[in-house]
Each structure stands twice: as structure tokens, then as C-alpha cells.
Amino acid sequence: MLLSMVCWGSWANTQKIDSRWRFELFYLDYTFGLLAAAVLFGLTLGRTDATSANSFFINLHATGSRSLLEAFAGGAIFSIGNILLVAAISVAGMAVAFPVGAGLALVLGSLLNYFVSPTGNPALIFGGIALVCVAIGLDALAYRDLEGEARSTTKGILLSIGGGIGAGLFYPLVAKSLSGPGHLVPYTVNVVFALGALSTALPMSCLLMRKPVSGPPLTLRDYTAGDLRLHAWAIANFVASYVPMIGPATSFAMGEGNTMISALWGVFVWREFKGANARVKLLLAMMFLFFLLGLTSIALAPIIK
């Protein structure tokens, strides 16, 4: 879960490394990379015992249509939310988009996942969620109070909220596809999920190319004009949720700890709050503290009964 948290909190750096590659083009590469990685993991780690009922091809053949539809729908919803989150990064930066967007996703996803599969200490899970909500509010206040040219319009906040809603609604569908008769296992659900993500990434990217949130419109010709290095930057936690002790609510919430990781990148590496006054710096420090307390509470939920 910790490795998942670090990866989820760091992947967006590849978008910021080269400012020439607009997020609409980046997201197409990201989705292709998601599918390629899912297939690669399925054919390797998913087939350590080719005769097992949980082996990649056997499970994919034996699974029920309900589980396939749930995983596919989860990927489709995730992609809509995620591309809005990437748009928010391009407008407001990682230090704002992730705490607001992914933080909201953590709250929605953890609540819904707990009702789907109530595993873990509810006081610690809901207490951790409340602390994360406080952290989201502190980050939004810091963004509002940011002075100078770095301050953007409310567009970044609204895009972050839209992305957070989409990213928070997808995981319960994935959690359901991992349980019940004819269920999928993590490596097969990953592939079906990635196919669902691709189904909405293509039309969403094309729509945002024609109606961009910032900058001039783009065409597919702009995408094909990119060199191999630009495409390669975009090439990200379902395994942990399959462990019975952990459960999807805790797994999802810990994975969404990427919020704190990405905020660290945004504040200390990309200097998105450079020149902030003392009040903004205090709000950011309190945001990190409440996120850390909330994530610690959630992480202890499956251990402390």
C-alpha cells in the first residue's frame, strides 16, 4: 500500500517535466501506458502458477459478466475523473489539484468502499476521513490566500472537485468485481479496468482538445507530432485490496495518500507556492499535519480492532 501511495503521488510529475506536452496529449499516452502495464503484469505476476484458478487467463475465462461490467465501468468512471484532475494540475498545480481532488476522492471512495465491504475499525476509518477533510479545507484556504501571479482562478478548484468526484466513485465498482461468484482477481481486473479507462479517455481527450480549459485548441495531428521521448514520459492498487485483512476501504484510502506525496512534490520540488506569505505557509504546514494524522488513522484501521 505504501508503494502504491508513492507511485500514485508521483506519476503526475511526468506531465510537468516537459511543458511542451499539453495535458490533453499526455493523458492519451497515460491511458495507453496504463493498459500496457496491466497486460504486462497480468502475463507475468498474474501467471506465477498457470494451473491456479486465479491465474490470469483461467480467471478471465471463468469470470461472470457482472464482474466484467463492474470493472469496465469502474475504469470508465475513473478515467473521466482522472483527466479532470490532470486538467486541474495544468491550471492550478499539483499542490492544489491533488489535495482537493484526490482528497475528495479519498473521502467518497473510503465511505462507499466501507459500505460495500465493511472491513477495519470504523472509528479509525471515519476519524481518518474527517482529518483528511480538514486537510482539504486547509489546502483550499492556502490556495485562495496565495498572493502574486501564481494565484489562479477558481477554475482549478472546480476541476479538482470534478476530478475528485469521478475518482471517488470508481473504486466501489472495482471492489464489487473482486468479490462474489465469478469474481475477478487483481491482475485480471486491472486489464478490464484499463480497457474501461481507454473507452472514456479517447472521447474526453478529443473533447478537451477542441474545448481546452487553457491554451489554444489542439488536433490529433499535434499528438502524432510528438517525439518518442515526449510519449515515453506518460508510461501507475488493486492487489492490496484483495488481501482479506486489509479490505478495499483501507487499501483505497492508503493509496489515495498519494495526495500528500504529490503535494510534497508540488510545494518543495516544483515550488508552486513560491513567494507565499506566512499565513499560507502555516496553512500548508497544517494541511500536511492533518493529512498525515488522517492517513495514520486509516492505516491502523485493519490492525486495531
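A residue counts as buried when its relative accessible area is under 20%, as exposed when that area is over 50%, and as partly exposed in between. These terms are used in the legends below, which describe a predicted model.

**Figure 1. Overview of the helical protein.** The predicted model contains 15 helices and zero strands. Of the 305 residues in the protein, 53% are buried. The accessible surface comes to about 13,300 Å², and carbon and sulfur atoms account for 72% of that surface.

Figure 2. The protein holds seven aromatic pairs. In one of them, Phe26 and Tyr30, the ring centres are 6.5 Å apart and the planes meet at 25°; the pair is therefore stacked, as the angle is under 30 degrees. Phe56 and Phe57 also form an aromatic pair, with 5.1 Å from centre to centre and 75° between the planes, and this pair is edge-to-face. Phe26 and Tyr30 belong to helix H3 (residues 23–43), and because they are four residues apart there, about one helical turn separates them. Both Phe26 and Tyr30 are buried. Ring pairs also bring in Tyr27, so that Phe26, Tyr27 and Tyr30 are linked into a cluster.

Figure 3. Leu158 is placed in helix H8. With a relative accessible area of 57%, Leu158 passes the 50% cut-off and is therefore exposed.

Figure 4. Ser297 is found in helix H15, which covers residues 278–300. The relative accessible area of Ser297 is 12%, and because this is under 20%, the residue is buried. When neighbours within four places in sequence are left aside, Ser297 is in contact with Leu124, Gly127 and Gly128.

How values were computed:
Residues numbered from 1 in each chain as written. Predicted model: local features only at pLDDT ≥ 70, side-chain atom pairs only at ≥ 80, totals over all residues. Heavy atoms only, no water. Helix = DSSP H or I, 4+ residues; strand = E, 2+ residues; numbered from the N terminus. Buried < 20%, exposed > 50% of the residue type's maximum accessible area, 1.4 Å probe, protein only. Areas by Shrake-Rupley, 256 points an atom, 1.4 Å probe, with all protein chains shown as cover. Phe/Tyr/Trp six-rings, centres within 6.5 Å; stacked < 30°, edge-to-face > 60°. Contact = heavy atoms within 4.5 Å.
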